[in-house]
Amino acid sequence: MEEYTFERLWKELNEGYQIYYTYMNKRYLLTKLDKNCYSRELVNKDEKGPHPRKQIVTLKAVKELFEFMEDIEYKVN
């Protein structure tokens with residue numbers, strides 16, 4: 001199985017893909033909004049907790065988070 005790299009994630013976000021991933025047992029949707037600007041949205045909306053439902057993050061934040069992402073999937077309409 002081919003290793004999923006940050007470079008591949010970055011390329012696919014640049015191509016317009018939206019990506020689901022799990023981080024700390026929470027499911028998120030990552031979308032590129034603009035150059036160096038990404039939306040990170042909590043998908044588990046029925047849960048209460050300290051995690052923000054929607055955040056705007058930079059590429060640096062996405063790169064730091066990448067090694068902790070699990071169950072990476074593409075959003076399919």
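Visitor: Which residue in strand 5 stands opposite Tyr-20?

Guide: Glu-73 does. This is a predicted model. Strand 1, residues 19–23, pairs with strand 5 in the antiparallel sense.

Visitor: What makes strand 1 and strand 5 a pair?

Guide: Two strands pair if DSSP finds at least two bridges between them. Strand 1 and strand 5 have 3 bridges. They therefore count as paired.

Visitor: Where do these strands sit in the sheet order?

Guide: The order is 4-3-2-1-5, in an open sheet of 5 strands with antiparallel pairing.

Visitor: What makes strand 4 and strand 5 edge strands?

Guide: Strand 4 (54–57) and strand 5 (70–74) each have a single partner strand, so one side of each has no neighbour in the sheet. On average, neighbouring strands are turned by 25° against each other, direction ignored.

Visitor: Which strands does helix 1 lie across?

Guide: Helix 1, residues 6–14, lies across strand 1, strand 2 (26–34), strand 3 (37–42) and strand 5. Helix 1 runs at about 60° to strand 2.

Visitor: Why is the contact between Arg-27 and Glu-73 called a salt bridge?

Guide: The rule asks for a side-chain nitrogen of Lys or Arg within 4 Å of a carboxyl oxygen of Asp or Glu. Arg-27 and Glu-73 meet at 2.9 Å, N to O, so the pair qualifies.

Visitor: What parts does this pair tie together?

Guide: Arg-27 lies in strand 2 and Glu-73 in strand 5, so the pair ties together parts that are 46 residues apart in sequence.

Visitor: Is Arg-27 buried or exposed?

Guide: Buried means under 20% relative accessible area. Arg-27 has 17%, so Arg-27 is buried.

Visitor: What makes Glu-73 partly exposed?

Guide: Partly exposed lies between the buried limit, under 20%, and the exposed limit, over 50%. Glu-73 has 45%, so Glu-73 falls in between.

Visitor: How do you know that Lys-54 forms a salt bridge with Glu-41?

Guide: The closest N and O atoms are 4.0 Å apart. Lys-54 lies in strand 4 and Glu-41 in strand 3, so the pair ties together parts that are 13 residues apart in sequence.

Visitor: How many salt bridges does the rule give?

Guide: The count comes to 4. Among them is the pair of Glu-15 and Lys-11, at 2.9 Å, N to O. Glu-15 is partly exposed, at 47% relative accessible area.

Key:
Residues numbered from 1 in each chain as written. Predicted model: local features only at pLDDT ≥ 70, side-chain atom pairs only at ≥ 80, totals over all residues. Heavy atoms only, no water. Helix = DSSP H or I, 4+ residues; strand = E, 2+ residues; numbered from the N terminus. Axes fitted to C-alpha atoms, helices over the stretch in contact; angles between N-to-C directions. Contact = heavy atoms within 4.5 Å. Buried < 20%, exposed > 50% of the residue type's maximum accessible area, 1.4 Å probe, protein only.
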